[in-house]
Amino acid sequence: MASFKPTKLQVYPKLGEKVTQDTLYWKNYKAPVQIKEFGAITSIDFSPVAPHNFAVTAFTRIHIYGPFSQEPVTTLTRFKDTAYCARFRSDGQLLVAGCEDAVVRLFDVSGKAALRMFRGHTKAVHVSDFTSDRYQIFTASDDYTCRLWDIPNATELNSYREHTDYIRCGVTSKLNRDLFITGSYDHTLKVFDARADGSVMTMDHGQPVESLLLYPSEGLLVSAGGRYVKVWDLLKGGQPLVSMKNHHKTVTSLCLSSNGQRLLSASLDRHVKVYNTTNYKVVHNFDYAASILSVALAPNDESIVVGMTNSILSIKHRKSPEESTGVSGQQRRRPSYRVFVKGKTYAPKQDDYLVSKPVKQHLAKYDIQLKTFNVSKSLDTALATWARLRKPEIMVAVIKELDRRGTLKNALAGRDEEWLARLLNFLIGNLVDPRFAPVLTPAAEMILDVYRQVVGQSPIVDRQLLRLQELLEREIDYQQDLMEVLGMLDTLFASSLPRMKVPHPAATRANGLAQREASTSRPQLKAT
Amino acid sequence: MVEHGDIRVVHRGGSKINSRQPVVTNDSRFLLCASGERVKVFSTSTEECVHDLRGHTDLVTGVLLRPTNHLQVYSCSLDGTVRLWDFTDGILIKTFDIGYPVYAIYASPDHEGVFFIVTLTPGDKRSELFQLVAVHFPQSGDQLVEARELSAVLSDVSSNPAATGFGRGGQYIASVKGLHLVVYFFKKQKSYRFSLKEDNKKGGKNTLVCIACHPKDDCIATGHEDGKIRLWRNFNQKKEYTYTTMHWHHNAVSSLCFTPEGTNLLSGGVESVLVQWRYKQESERDFLPRLGSAITHIAVSPDGTLFCTSHSDNKIMIIQSCVQVSAVIQGLVNGESVLTDLLVDPRSKSLVLNGKPGHLQFYSLHRDKLLYNLDIVQHEYIHELGLQQFEVVSVAFDAPGNWMATVEERKPKVAEPEINLKLWAFDEQTQSFVLNTTVSAPHEARITAMCFSLAADSQTSVLVSTSADGHFKAWQLPRAACAEDEGPSWSCDFVGDYRGLAPECCCFSADGSLLAVSFQEVVTVWSPASWELLTTLSQPPKAIRDLCFGQLSCSKYLMGTTGSGLLCCWNLLTCSLEWSTSMDVSLLLSDPLTENMAAFCCGAESTDLFIFKPSEPRPLASLKAVCSGKVTHAVFSPRDEMLESCEESSQWLNRSQLYFLTQYMDLMTFTTKAEEERQAAYSKRLFIDDSVAMTPFYLLLGKHREQENQDSLSRLPDETTPLPRGSVAIKELLQTPAHVLPSTSYLCSMFIRSLLVSVTDGSEESKHAEEEMESKKEEEDSEGEMEPRTPRPEPVSPGLRPADSAPLTKAQLRELRRVKKLDYGWLTDLLLS
């Protein structure tokens with residue numbers, strides 16, 4: 001006596017992107033907090049010390065935000081013109097920023113006025129940073145020069161003029177106080193050593209360089225310019241390692257996740273892409289509303305801060321662990337559960353006689369009806385609102401099963417207007433779905449056969465039928481177009497394939513046939 | 001059975017066990033059923049076949065317990081004999097020679113010395129009229145008795161044994177045929193005949209199919225073709241008879257049966273539901289649904305505790321009081337047709353073919369037992385006549401048996417056929433196949449052939465399927481799993497076609513480097529690595545019917561048969577036709593273990609078999625008239641152990657055995673005389689004269705226990721002989737389970753050391769010991785030739801020394817002395833620690 005075999009629900013291949021560990025990780029952020037700034041946000045920098053405030057450079061102001069506040073903790077406003085590139089010192093006490101008026105200013109993070117002003121550049125300073133010994137400042141400017149300054153007495157220590165275009169990005173080494181790298185609009189990256197008189201290494205990016213990033217180990221350098229992100233091996237004398245072209249507009253900003261496993265690049269095409277740094281494949285993608293100029297990740301990836309051209313600052317905080325799991329956990333736990341598992345862990349004693357209870361087979365509602373051969377009722381339960389909208393495959397599977405049993409016509413016949421309208425609604429929604437079409441088309445034909453007499457009696461049903469007809473006509477048009485395209489592609493493929501000469505022995509042999517083309521193609525079939 | 005010198009064609013298992021109603025013995029321990037030319041005795045508790053009553057030379061048509069002796073059973077057969085058996089011992093007691101083929105047998109305790117049989121009406125054999133005849137036993141002590149005292153009781157009865165029955169302990173006999181019910185009363189010697197109209201108003205068919213008579217009451221139940229059951233009463237009058245109608249079945253009632261007390265009536269039909277009706281409360285009924293397939297016969301044990309239902313899929317179910325199925329006896333399912341070819345599962349070496357609808361059966365050829373049914377379709381089977389069901393049409397296994405591909409097909413009347421390709425992975429844990437991938441609609445039309453890449457060592461598995469839609473597709477399992485959560489699944493790798501022709505057969509070469517696909521009369525050869533068309537071979541004018549690559553040393557040959565009766569052999573190195581011969585080959589197959597190929601040629605009436613090697617012009621063996629009719633399915637099955645046959649004509653049977661299915665779905669094979677004799681000896685050894693629940697386990701245990709008893713008996717008298725020192729330790733050593741003991745090497749080294757201790761005792765003894773050591777060594781050497789496991793501590797165990805101590809030889813004495821001297825202290829230490 002075999003048990004009832006439940007109706008098999010067809011499992012269809014999932015469309016869209018695959019859920020990976022990365023998508024789970026990078027999707028685990030809350031809805032973004034959006035803050036309107038005064039102008040395009042060109043730079044974001046996180047303080048290296050707790051509580052990890054971050055400085056946002058927009059127009060003539062620098063706002064320093066706390067990790068959770070939506071109001072700035074401090075605002076630095078003493079700029080005559082647009083400020084650029086606010087950077088924290090490694091102790092988080094001082095902050096340096098360039099300006100359109102060629103003056104570099106040094107601030108205390110709690111104060112308002114500038115502590116020091118470094119004058120010397122002749123044009124806007126887009127790059128400024130502290131060296132790793134904390135006593136010097138490195139700046140680079142649109143006047144093609146980059147300079148080193150001494151903080152205590154605000155004097156210029158060194159000046160390099162090797163680039164032939166604006167310098168728009170630069171990094172200082174965190175391990176070596178004398179080393180810094182600049183990237184310029186003359187397509188080159190230059191590595192400078194303060195102990196030498198000029199650059200020690202030059203690399204050609206091929207595009208105006210917009211952003212630079214050094215790996216924590218400082219063996220690898222990442223540069224972004226144009227649509228390319230390139231990785232250079234500094235230890236091998238600046239050998240290009242990888243070139244990535246995943247954006248379709250200029251890449252403006254780079255940052256590295258806190259564990260160094262993922263690289264983020266932001267672009268004017270409104271996307272932030274996340275790369276795996278072992279194989280440099282894109283593993284995740286963020287969409288934003290406007291072109292992105294700057295991106296930064298808080299330590300431990302606690303938040304992603306993105307600054308855009310429409311002067312909106314978007315901050316996404318990571319969900320806390322209980323928040324990410326709490327919702328589903330509440331749903332799962334029901335009050336009867338504890339009663340349900342009661343005694344499950346009870347271990348039988350030696351003298352106990354075990355009476356095993358037969359496991360009750362749980363059947364879905366439509367299966368219960370199918371088991372007792374109530375065909376109409378099973379169709380009713382499958383057509384219930386929830387299942388119809390959320391899981392059309394249930395309805396399709398039940399229709400298929402009824403068709404297999406040869407009782408579909410009985411199940412469909414003899415229904416009232418409301419039911420028929422619901423069924424037609426379902427058909428309109430799913431008939432042209434390629435997954436369901438093979439099952440639903442004969443069913444639709446059957447419905448039309450059964451209800452041919454009642455056409456014209458109900459305005460609701462008539463309207464639905466007209467919609468169905470319209471839908472089918474449109475679908476047929478699509479299919480015809482597709483066939484045409486397929487035909488065109490076939491000709492293209494046939495002409496591009498090299499003509500093979502099949503080697504066969506002397507043509508006098510009786511079994512040798514004249515050989516013509518054997519057309520071959522490789523379509524990808526979907527297997528469930 | 002045809003003799004061919006040494007090689008014989010033998011019927012191999014899988015006979016129907018559901019052809020006749022099974023019989024349950026009085027003590028409900030055994031079940032007897034007719035199976036081909038034999039009567040099989042099964043145990044109802046263990047499902048094991050206990051006895052095989054052989055003797056009839058034609059189909060057994062009925063089995064009946066002897067009413068006067070419940071340990072004896074009658075069986076009747078088409079060979080014109082009725083035989084009386086003792087089924088507990090499996091002995092033939094008597095043979096009654098009737099002289100006419102017997103179609104059914106009945107007996108009742110009221111009629112001692114008489115049994116009733118159904119035979120052809122003598123005189124006109126053309127019209128197929130049957131009659132019920134009473135046969136009187138001649139009282140004779142002989143084994144073979146001629147019983148020719150026949151007296152006709154009823155003429156024109158149905159040959160179906162279910163259509164006749166005794167009522168009320170043998171007061172009357174009732175029989176149905178067509179639309180008539182005939183009741184014959186023995187006391188009055190009068191028969192009554194009742195008729196029904198052909199069709200009633202609703203169009204149901206009134207034809208009577210089966211009958212059952214109430215054991216205590218005057219009531220007859222008849223089953224009808226439209227599913228109705230009628231209960232007839234008052235049938236001892238011509239006019240005032242009455243009947244009541246019960247209706248649940250929607251198709252013909254195929255079997256009816258009253259329980260021994262008459263309280264319940266059981267009925268069954270194609271719905272495969274056992275229905276239990278309460279007698280006199282017909283509205284109350286119980287159901288036992290989903291019994292697997294249509295019920296053909298129902299039997300009840302004499303004490304009413306067990307019900308047996310035999311089913312159309314060659315299965316007998318034993319049901320305990322209409323609630324629970326307690327045992328299932330399953331034979332080889334002989335469907336209407338075998339759609340899949342015969343295949344051999346490379347792992348279990350079992351035969352694989354269509355079984356129940358939507359299932360594959362794995363049938364062990366060596367044990368003649370169904371291993372299991374694998375549900376391929378996984379749909380609830382709807383038992384309804386005329387419904388289009390899913391059928392498994394094609395199966396393929398890969399070489400190591402890790403993957404199985406199945407194709408199932410359903411052809412609705414109006415819509416396009418539904419085809420599913422399923423790929424099954426072998427699961428080590430459950431030891432069966434688990435569904436891995438389902439491809440719905442893999443091709444637009446029927447799949448004609450399917451094969452796996454044969455190379456066992458290749459990393460990726462490739463499956464090629466050819467279809468009538470003009471394409472062949474290659475399916476591949478990607479090596480690296482793309483997603484962690486689900487395992488790898490198969491996907492289409494390549495679609496090929498050739499000039500719009502429909503491919504028919506496909507075949508991989510032995511190393512998997514070539515794929516041959518036949519497109520009507522053209523054979524195309526492809527390279528699976530790059531999917532390039534390498535060459536084409538052709539032998540017009542008819543389409544290729546079969547394709548086969550040579551194996552092993554003949555792997556450069558490609559064999560093909562054409563519809564015009566040609567057998568061609570192409571050499572793939574020269575791409576030319578090596579040889580061809582004109583013979584109408586209906587089936588060509590190659591032995592995977594040798595270079596041999598088998599070709600079945602169908603002649604006008606019978607089929608011939610040729611065994612040949614592609615490289616040799618002369619066939620190795622040729623057997624004429626193997627069987628009548630066409631052979632369409634055959635398979636080479638590898639043997640468990642190689643045969644050593646030196647005769648040239650039977651050498652091809654050494655490595656593997658050839659099985660084939662005849663037109664009538666009989667499974668046949670080829671054996672040599674020597675092998676048959678060996679098998680007979682083996683089966684004789686299996687016959688044990690104990691009738692209690694004969695399981696293999698019991699055989700093992702029982703024998704062992706017997707031996708033990710004997711041993712202990714024989715050991716009793718020699719307790720007087722003094723036991724050597726330390727024997728307690730030895731006993732402990734022998735009684736401790738082996739897995740608790742330290743390793744043998746450890747024990748052995750200690751044992752050797754304990755021997756060495758005696759050297760210090762004295763020079764004389766040491767000499768002795770050395771001598772003994774040497775002699776022992778010699779003994780061990782001679783033993784070592786037989787079994788290579790050398791060091792054993794057991795030879796010194798005196799507890800098991802046989803008791804025949806009367807005349808001891810010198811060597812034995814010496815050894816005994818040595819054993820006495822041995823110090824077993826090391827052993828006690830070891831066991832105590």
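## Strand pairing around E18 of chain B

In this predicted model, strand E18(B) and strand E19 (residues 190–195) of chain B run antiparallel and are joined by six bridges. Within that pairing, Val182(B) has Arg193(B) of E19(B) as its bridge partner.

E18(B), which spans residues 180–185, is mostly covered, five of its six residues being buried.

## Aromatic pairs

Over all chains, a search of the whole structure finds 49 aromatic pairs. For the rings of Tyr166(A) and Tyr185(A), the centres lie 6.3 Å apart and the planes meet at 45 degrees, so this pair is classed as tilted, an angle between the limits of 30 degrees for stacked and 60 for edge-to-face. The pair links distant parts of the chain, 19 residues apart: Tyr166(A) belongs to the loop between strand E13 (155–160) and strand E14 (167–172) of chain A, while Tyr185(A) belongs to the loop between strand E15 (179–184) and strand E16 (188–193) of chain A. Tyr166(A) has a relative accessible area of 29% and is therefore partly exposed.

In chain B, ring pairs link six residues into a cluster, namely Phe472(B), Phe494(B), Tyr498(B), Phe519(B), Trp526(B) and Trp531(B).

## Charges over rings in chain A

Two arginines of chain A are placed over aromatic rings. Arg61(A) lies over the face of Phe38(A), at 4.3 Å from the ring centre, and the charged end of Arg415(A) sits over the ring of Trp419(A), 3.9 Å from the centre of that ring.

## Confidence in chain A

The pLDDT of chain A averages 85, and 90% of its residues score at least 70. Over residues 502–528 of chain A, however, the pLDDT is below 50, although this stretch has 62 contacts in the model beyond near neighbours in sequence.

How values were computed: Residues numbered from 1 in each chain as written. Chains lettered and ligands numbered in written order. Predicted model: local features only at pLDDT ≥ 70, side-chain atom pairs only at ≥ 80, totals over all residues. Heavy atoms only, no water. pLDDT = per-residue confidence, 0-100. Contact = heavy atoms within 4.5 Å. Phe/Tyr/Trp six-rings, centres within 6.5 Å; stacked < 30°, edge-to-face > 60°. Helix = DSSP H or I, 4+ residues; strand = E, 2+ residues; numbered from the N terminus. Buried < 20%, exposed > 50% of the residue type's maximum accessible area, 1.4 Å probe, protein only. Lys NZ or Arg CZ within 6 Å of the ring centre and 35° of its normal. Pairing = 2+ DSSP bridges.
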